[in-house]
Amino acid sequence: MVISALCMALVQGSVNSMKERSATVDHQRAFYIAEAGLAEGLRFLREGGTGNIGSDKVPAAFGDGGFFVTCEFDESGLGQLTSVGLSGRARACVAQAIKAEATSIAALGIFGHSTLIVESGASIGAYDSEVPAALLDLDPGTEVITTILDPLSSLTSNGRGNGNGNGNGNGNGNSNSNGNAATSNSVAASTPVELELTLGSNGPVYLQSALPDTTVITGDVTPGVDSNVEIGTGVEVSGSTAPRVTPMLRPALVVPELASLGDLEVMGTEHRTLSGESGSIASLLLGESGVLTLAAGTRLVVDSLVLEDGARLEIDSSEGPVEIWVRDTLLVGAGTTLENLTQDPTGLSIIYLGDGQVDLDGDGALDRALDLDSVSSFFGQLYAPEADLRIANQAQYTGAVAANQLTVGQDASVLFDNALLREGEAELHGIAWHLVEAPETIRTAFGADVMRDREAAYGAPLPTPTEARQDANWGIVYVDTKGKVKKYYGDQAAFDWSLVDTVVETFDDATAASVALERSAVKKAARALGL
């Protein structure tokens, strides 16, 4: 009897040990499968999909198990992929934070990589040169509220115009600036429209003001990670000044390799035109009274671009954009005109690659190699990632401007054109991943072998990850059980209604969902609910 009992105990111990080893293997497999699910979900998002793959009822088959992935974005623009890996009796749940970073220069908005300084009296806002036809579908005469950063210069854009006006109302788009306005509340609009404006830095932001003038900032100002916004006396900020979660990524710059065109000089009263030409120029010099017109399709890489006093550089982008890359020197003399004839910011890009210091006279000392102090009006994208750039006092810039350190001079006006955002593509980046607790239905509803049970209930082989991708056929804006406004669009059957406290709005059409559930819709819902 004793021997028999000992044998039974040994057999039972061996069985238990085998079960423990099997469970450990299943848990490891489930974890790795969940990781694979995150990768598949992120790839689906990058391909323009919803990120949702499979469901708890019909998981995607993968290796010795399977997974399902859900994706949602919150009002801050951060998203989360949640992947549940399944193997045998085990399940593992991992989540990854994701964020869309546009690869275009325009995605930076008004930005200083190291520092942003806004001097007193400056106004910064947003508009859309394609409003209303391409974006908002507004009734004729509808006014659009922009983001207003200075009550002394109330910026509006008329729905009938093409948005080509500047901060003083001189342009063709009927964009108006009222220097007598006392506060930003003086802007009236029958239909408020929220526009995107990235204003900030990867480092500190300094907002300056000189009493008795008061600078009122309506909107968010975003400093870098672990940095802050230094607010001068008399400056009021209505939006958030919270730092970034992750640094703003620099767009990848690939300098075109173009055939050499030698040097180019335009002197005296000479007027030359380059139309659709692409090439590399060592020295491009516009002498006093010289005029150079760069027409549609012109693409230049220039080592040194100098506009002497009284010179004129015209950009004619009526038939297509013009692109200028400057490696070392960009100097604009007094009385010089740099004019985008169409006043369309999407038609001109100037990328300065130097650090703003070059020995110009051969004396061994570095001289200032980036000088735009005489540029009083600019329509386009201007990017100087390695140099410090100052927008001159009272200058008017329309488009997008970013530099290493960007200073917006006193009483200067900067309008960011939202149409530029549609010129580039966005790339999704994973920020961090972590283990999370599996949903309640997963922890309680599954049988001994998860995938076997699911396949039996499905009545056919479970789909592959590609076959299990969920298209956007339904959408919802809702307040979750923690009081946060969130959005979801994808397969309605896969949506977890236990997360919902209050439904704000649902969408049955995929197109309507993808448009209506943009980040601005979530923000508006949050404000309407007082959250």
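Alanine 107 sits in the loop between β4 (90-102) and β5 (110-118). Strands here are DSSP runs of E of at least two residues, helices are runs of H or I of at least four residues, and both are numbered from the N terminus. Alanine 107 counts as buried because its relative accessibility is 10%; buried means under 20% relative accessible area, exposed over 50%, and partly exposed in between, with a 1.4 Å probe and protein chains only. Its C-alpha atom is 9.1 Å from that of leucine 197, a residue 90 places away along the chain.

Before I go on, the ground rules. This is a predicted model, in which local features need pLDDT of at least 70 and side-chain atom pairs count only at pLDDT 80 or more, while totals for chains, interfaces and linings use all residues. Residues are numbered from 1 along each chain as its sequence is written, and side-chain values use heavy atoms, with hydrogens and water left out.

Now the chain as a whole. The secondary structure comes to 5 helices and 33 strands. Of the 531 residues in the protein chain, 47% are buried. Taking contacts between residues at least 6 apart in sequence, 59% join residues at least 24 apart; contact means heavy atoms within 4.5 Å. The chain exposes about 24500 Å², and carbon and sulfur atoms supply 48% of that. Accessible areas come from the Shrake-Rupley method with a 1.4 Å probe, and for residues only the protein chains shown count as cover.

Next, the strands. Two strands pair if DSSP finds at least two bridges between them. There is an open sheet of 4 strands in the order β16-β18-β20-β22, with parallel pairing. At its edges stand β16 (271-275) and β22 (337-340), each with a single partner strand, so one side of each has no neighbour in the sheet. The twist averages 15° from one strand to the next, with axes as lines fitted to C-alpha atoms, for helices over the stretch in contact, and angles running from 0 to 180 degrees between N-to-C directions. Within this sheet, β20 (residues 312-316) pairs with β22 in the parallel sense over 4 bridges, and glutamate 314 has glutamate 339 in β22 as its bridge partner.

Strand β19 (residues 299-307) has two pairings to mention. With β17 (residues 278-286) the pairing is parallel over 8 bridges, and leucine 286 stands opposite leucine 307 in β19. With β21 (residues 322-332) the pairing is also parallel, over 8 bridges, and valine 306 stands opposite leucine 331 in β21.

On to packing. A nonpolar core is a set of buried Ala, Val, Leu, Ile, Met, Phe, Trp, Tyr and Cys residues joined through side-chain atoms within 4.5 Å. The largest one has 60 residues, and Leu292, Leu294, Ile324, Leu372, Ile391 and Tyr397 touch the most other members. Where does this core lie relative to domain 2 and domain 3? It lies between them, because domain 2 (105-147 + 192-250 + 386-424) and domain 3 (252-384) both give residues to it; the domain bounds come from an automatic or database domain assignment. Leaving aside neighbours within four places in sequence, isoleucine 391 is in contact with residues including Tyr397, Val401, Leu406 and Val414. A second, separate core of 16 residues includes Ala34, Leu42, Leu45 and Val69.

Last, methionine 451, in helix α3 (residues 450-458). Its relative accessibility is 10%, so it counts as buried. Not counting residues up to four places away in sequence, methionine 451 touches Pro59, Ala60, Ala61, Gly65, Gly66, Leu86 and Leu462.
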